[in-house]
Structure formats: structure tokens, C-alpha cells
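Work through the exercises below with the structure open beside you, and try each task before you read its solution.

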Amino acid sequence: MNEIDKKIKISNKIYPYISGLSDDLLFWAAINTIFLTTVKMLSASQVSLLSAIAGLVTILSQSIVLKIIKKLGNIKSVRLGLLMLLIGATLITFGDNFSIIMIGEIFYNMAFLFKGMDSIILRRNLKYLKREEDFIKIQNRSSLIYAIATMICSFIAGYIFNISNYLPMILCIIICCINIAFSSLLYEVEFKEEINQYKSKAFKWTKVLFLIVIVYGLLYGTLETAQGNGKIFMQYFMQNHESLEKTAIYLSIIIAFSRISRVISDLLFNKIYNKLKNKFIILLNVILILAISFIIAGSFVYSKTVAMIIMGLGFCMILWARDPIMNFLKNALLDNCSKETQQTAMLKFNLSRRIVRCILATMVSLILLKVDVFYIMILFLVLALIYLNITLKLYNMLNTNS
């Protein structure tokens with residue numbers, strides 16, 4: 001085995017761990033809404049406004065981000081993304097006003113545009129080894145590592161939060177530092193024959209690429225926004241009947257079970273994908289519809305225990321669908337674009353969900369000034385039903401292409 005093969009082997013082995021453990025700020029995913037609303041004393045409208053402003057800045061800076069990525073290359077872009085995650089976590093943790101927290105949220109959001117190049121590193125390394133068919137398996141392994149890590153965090157987040165409201169975020173900062181250190185092991189193979197093509201070939205939209213990006217943006221962006229607001233919806237529902245301490249524990253239990261469902265989803269992904277193929281994306285849209293319906297239905301149940309079980313089940317279904325949506329559509333994207341335009345395609349892919357989330361967060365922020373968060377969940381349900389028609393079009397197009 002030559003030196004390049006050794007570096008690629010190490011990089012491919014370390015990739016799922018770096019990618020999985022930096023797919024989000026681990027403890028942040030479990031306590032973000034309760035941290036912002038009870039520690040930083042932000043209203044539900046301000047929490048939505050944070051996402052809206054950060055999303056807008058991320059969208060407007062896409063051309064600059066793409067230039068930086070092309071200048072730095074994939075490896076350095078990933079390392080920059082990891083550094084931005086660390087900066088974002090630090091500002092959110094120690095920021096003492098809305099403006100500083102907002103800057104932290106911007107760093108947090110933009111970090112994933114740079115970090116998203118890690119998929120291209122893996123794809124190119126597998127191409128060199130003539131193992132491109134392993135991409136979706138390794139990518140799913142990354143999602144599984146993230147799911148297991150967040151599941152563990154979710155089990156203990158509520159208890160850690162009650163020990164010290166800042167302790168979960170301090171642990172996020174420590175994990176960011178570890179990821180930056182291990183990113184030195186990443187390696188990307190260079191194909192000399194592609195250099196001139198890479199510089200000259202411009203990105204062009206095709207119908208299937210456009211639809212993949214649109215469906216990913218709509219499904220994942222809505223899912224993310226529904227997850228955050230669904231958590232707030234459940235939190236407010238519990239706070240009407242329980243103390244803050246009990247609410248934190250109950251919410252962390254629901255989140256913990258949702259993380260278990262995410263682990264199960266990642267474990268079953270390859271089997272379901274191999275059986276359903278392109279039909280999988282339709283199933284994921286249907287699951288999103290059912291998930292939001294369960295969260296809404298639970299609030300009408302008289303028994304508070306049964307209500308929390310039904311709402312918790314809906315929340316688990318949201319988490320079950322997250323990784324499969326991303327992995328299925330990311331694989332479809334890279335299958336349907338040239339190697340020379342993968343950076344641009346991946347940037348637009350990752351940006352699409354942030355555009356949708358920015359639009360939805362703005363709408364939610366404005367609507368919450370007038371009505372209860374219940375009506376926001378109704379809005380998400382209507383949108384998920386509308387998306388089903390677009391998802392069916394993508395299914396037919398992917399079948400035609402294959």
C-alpha cells in the first residue's frame with residue numbers, strides 16, 4: 001500500500017466520526033429552545049427571529065462562500081467550518097444580549113456551508129479507490145454516529161442542564177475543539193487530469209438537479225423548523241401543567257427517545273433503501289405528515305400522560321426522517337452532477353434548506369406576534385401535504401434517469 005492509499009484509508013475511517021460529531025452542536029440540539037427561552041430570556045418570537053436573520057445572512061453570502069471554498073479547497077473549507085462552529089458555540093454560550101447571540105447563530109449557520117464539503121472529500125477518495133457505491137453506506141455510518149452521540153447527550157442533557165444551565169454548552173465547545181484537532185487526519189486525493197476541467201466548467205442546472213435541491217430544501221427545511229417549534233409547542237404545553245425542572249426532565253426524555261428512533265432509522269436505512277429505492281423519498285414525506293399530525297393531535301387529549309406520549313411519538317417520527325432525507329437526496333445529487341461542479345452543487349444543496357428555513361422562520365416570527373404556536377404546527381402540516389406532489393414528481397424523474 002503506497003502513501004496516498006494509507007492517507008485515504010485513514011481519512012475514510014476518520015470521516016464518519018468527524019462528520020458525525022460535527023453534524024451539529026451535540027448538546028445544543030437537546031437544550032437549544034429551553035436554553036434560549038429560560039437562560040437567555042428570549043421569547044418564542046425572538047428564537048424564530050434568530051434563525052431568520054442567520055438564515056438570511058447565510059443565503060446572501062453564498063457567492064462569497066463559494067469563492068472562499070474554491071480558493072481554500074475542500075479540506076481547508078471543512079476545517080474553517082469546524083472553527084466557525086466553535087466560534088458560534090462560544091458566542092451563543094457567553095453572549096449576554098440578543099445581538100451577540102445572533103452573531104453566534106450566524107457563525108453556527110454558515111459553518112455548515114463550509115463543512116458540507118466533507119461529503120465531496122469522501123466521494124473523491126472513494127472514486128480513486130473505485131468504491132463510489134460505498135458512499136451512501138459510509139455517509140449513513142456518519143449519521144449513525146451522530147444519532148448515537150445525540151441520543152446519549154439527550155439522555156443526560158436535562159440533568160446536566162439542572163446542575164448548571166451552561167454546562168451542556170461548555171461540553172459543546174469542548175467537542176468542537178476535539179473535532180478541529182482530528183480534522184488534521186482528513187485527506188483528499190487529487191486528480192491531475194481534472195484540474196483544467198475543474199477551473200473551466202461552469203455549473204448548469206438540470207431538471208433533476210433542480211428538483212433534488214428543491215425537495216431537499218422543502219422537506220429538510222420544514223422538518224428542521226417543525227422540530228424546533230414542535231419542541232417549543234411541547235415545552236409550553238408541559239409548562240402549563242408542570243414546573244420548569246420537571247418540564248426540562250420530561251422534554252429531555254422525549255428528545256432522548258427521539259434520538260433512539262433516529263439511531264433505529266440509521267440502522268435500518270440501508271435495508272429500507274435497498275428495498276424501496278426511489279420510493280423511499282415518498283415514504284419520508286408521508287412520515288413528516290404523520291409526525292406533525294401526531295404532535296397536533298396530542299394537544300387535544302385530556303390525559304396529560306397520553307398527550308405527552310402521542311406528541312412524543314410525533315416528535316420521534318420527525319427525528320426518524322431527518323437522516324434518510326439528507327442521505328438519500330445527497331447521494332442522488334452527487335449521482336446526477338459532474339465531478340467538476342460538485343462544490344457548487346453541494347453548496348446550493350446545503351443552502352436550499354437554509355433558504356426554506358429562513359422563509360419559514362420569518363413567517364413564524366411574524367405569526368407568533370399575533371397567534372399561538374399551535375397555528376404554526378397547522379401551517380407545517382399543510383405545507384407537508386403540499387410537498388407530496390413535488391416529491392412524487394422527483395420520484396418519477398429519478399426512475400426515468402435510472
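**Exercises on a predicted model**

**Exercise 1.** State how many helices and how many strands there are in the protein.

Solution. In this predicted model, the protein has 16 helices and zero strands.

**Exercise 2.** Decide whether the radius of gyration of the protein agrees with that of a compact globule.

Solution. Begin with the chain length, which is 402 residues, for which a compact globule would have a radius of gyration near 21 Å. Then take the value for the protein, 20 Å, which agrees with that expectation. As for the interior, 58% of the 402 residues count as buried. Finally, turn to the contacts with a separation of 6 or more, of which 85% are accounted for by residues 24 or more positions apart.

**Exercise 3.** Classify I310 as buried, partly exposed or exposed, and describe its surroundings.

Solution. First locate I310, which lies in helix 14, a helix that covers residues 304–335. Next, compare its relative accessibility of 24% with the cut-offs, where buried means under 20% and exposed means over 50%. Because 24% falls in between, I310 counts as partly exposed. Then, leaving aside neighbours within four places in sequence, note that I310 is in contact with F294, G298 and V301. Lastly, follow the chain from I310 to L329, 19 residues apart in sequence, and find that their C-alpha atoms are 29 Å apart in space.

Terms used: Residues numbered from 1 in each chain as written. Predicted model: local features only at pLDDT ≥ 70, side-chain atom pairs only at ≥ 80, totals over all residues. Heavy atoms only, no water. Helix = DSSP H or I, 4+ residues; strand = E, 2+ residues; numbered from the N terminus. Rg over C-alpha atoms; globule rule 2.2 N^0.38 Å. Buried < 20%, exposed > 50% of the residue type's maximum accessible area, 1.4 Å probe, protein only. Contact = heavy atoms within 4.5 Å.
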